[in-house]
Amino acid sequence: MDEQRKKVVIAGGGITGLSAAFYMQQQIREQNLPIDIILVEATNRLGGKIQTVRRNGYIIERGPDSFLIRKKSMDRLAQELGIADQLVKNATGQSYVLLNDELHPIPGGSIMGVPTEIGPFLKSNLFSLTGKLRAAGDIFLPRSDIKGDQSLGAFFRRRFGNEVVNNLIEPLLSGVYAGDIDHMSMESTFPQFVSVEEKHRSLILGMKKTQPKPEQLPNKGHAAKKEGAFHTFRNGLETIVEALEEQLPEVNFIKGVRIEKIEKEEGRTFVTLNEGSVIEADAVVLTTGHAVARQLFEPHGILQELEEIKTSSVATITLAFPESAVVQDKEGTGFLVSRSGDYSITACTWLNRKWPTTTPDGKVLLRAFVGRIGEEAIVDLPDDEIEQIVLADLRKIFEINEAPEFSIVTRWKDDRPQYRVGHKKLIADAKEQLRAEFPDVELAGASYEGVGLPDCIDQGKSAAESVMQRLTRLN
């Protein structure tokens, strides 16, 4: 019986790899299948970018701090792991854009910067009268006749003009990918806007039509408070990583070891680890970044186009203060920074307001972001210099009259994959090459089909389903 056992190697123990392992283990148990899962993680910990620091009653995220509720897969996984009762929603409040040294409220009714209510947009000081009139032109502009992919910048500049894009849409959209919207792929990031244009012609009218009417919303009464759109866990995102590790007893975790080679011999796939051992694998799920995937397949002359996926570097700094140290006259949960200003920070979240469960009473917790395409040198500076630069920026915006109790700097070097125009085709071609040359290998993860945590879970689950279909067919 043992000779017939099959082996699946999962490369990478971030959320994609852990999700793949979880959904495979589920099917193996249900059908009592003779399949072993080996998960190889190059570092000594699981979770990848999910890293929670729990310190003096603070919950501090080094990587992502939450995920969109409307993308269901993370909530579903939490449910299956029995930890859904630990989910908390963000507190809602005003968000701002920092422009000309002033915090301007993001106009009410704007969805990713696209106005659906004219009143708040017309009252906003984010735009000149000329800028507002140009943006209103969207109502009359024809549909685009562009076929295929285009950049976010080109699409939104055509519909709304430069001012609205530079002062609102760019800070909102580029923040997600730490990228340049004039190169980012519409097809791979926000295809829903293209669909709205195709169907309704005007983005303003189309977004207004597709928004649920107040009476359709689950809130009671017109004065009901807006619901948060994001979830995290009361004790930090690492809660899900800990639950996954604990609930994957059949998975053989190998930490602190890298995959050095993936080779094929007489139709069989062999995985060589850097400590010298070789695993004969019936399937491999590669959830590493695209640079590692490209390197592993360089000897075979495939996946080399993945080099075209650029990356950017960012750093975050979380600063803890006593409440008395920070004087803020604006209510709200945070702000984004327009590129036109002389600031190093690109965004700041007032965590104690947005996520009250992260911060002890009587304390203030701020998280600032630095680094974006073309402005990445700051990421390499020592922690104390980043702290001084960020504090100097924040002190221009509101009063901070004491040093922080502590700060935590996290650097993500060459880490944010940029989904540039043509990305979708690039990934489809890469997967096609793998199917032809290494049909036992699946690609999944943030470099490919979505960077958010739910997107990564979806990719892990999909890779797991492909592998299990193939292996059960072979049985």
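**Exercises on pockets, a cavity and a helix**

The second largest pocket has a volume of about 300 Å³. The model is predicted: local features need pLDDT of at least 70, side-chain atom pairs count only at pLDDT 80 or more, and totals for chains, interfaces and linings use all residues. Residues are numbered from 1 along each chain as its sequence is written, and side-chain values use heavy atoms, with hydrogens and water left out.

**Exercise 1.** Describe the lining of the second largest pocket.

*Solution.* Step 1: a pocket is an open set of points on a 1 Å grid over the protein atoms alone, with protein on both sides within 12 Å along at least five of seven lines, and lining residues have an atom within 4 Å of a point. Step 2: 16 residues line this pocket, and the closest to its centre are Lys-431, Arg-435, Glu-442, Ala-463 and Ser-466. Step 3: at least two lining residues come from each of α14 (423–437), β24 (441–443) and α15 (453–474). With seven residues, α15 gives the largest share. Step 4: by class, the lining holds six nonpolar, four polar and six charged residues.

**Exercise 2.** State how many cavities of 30 Å³ or more there are, and characterise the largest cavity.

*Solution.* Step 1: a cavity is a set of grid points where a 1.4 Å probe fits but cannot get out. The count is one cavity of 30 Å³ or more. Step 2: the volume of the largest cavity is about 100 Å³. Among its 13 lining residues, Ile-59, Glu-61, Asp-65, Trp-355 and Thr-358 are the closest to its centre. Step 3: β4 (58–61) and β11 (230–233) each contribute at least two residues to this lining, and the largest share, three residues, belongs to β4. Step 4: the lining of the largest cavity divides into five nonpolar, four polar and four charged residues.

**Exercise 3.** Determine which residues of helix α8 are buried and where they lie around its axis.

*Solution.* Step 1: buried means under 20% relative accessible area and exposed over 50%, with a 1.4 Å probe and protein chains only. In α8 (residues 191–200), Phe-193, Val-196, Glu-197 and His-200 are buried. Step 2: these residues lie on the same side of α8 because they cover an arc of only 95 degrees around the axis. An α-helix has 3.6 residues a turn, so residues three or four places apart point the same way. Step 3: Glu-198 and Lys-199 are exposed, on the face of α8 turned away from its buried side. Step 4: the cover over the buried residues of α8 includes β9 (110–111), α5 (152–160) and α9 (203–210). Step 5: Arg-201 follows α8 and has a positive phi, near 70 degrees.

Note on methods
Points joined across faces, edges and corners; volume = space filled by probe spheres on them. Helix = DSSP H or I, 4+ residues; strand = E, 2+ residues; numbered from the N terminus. Nonpolar A, V, L, I, M, F, W, Y, C, P; charged D, E, K, R; others polar. Arc of directions from axis to C-beta. Contact = heavy atoms within 4.5 Å.
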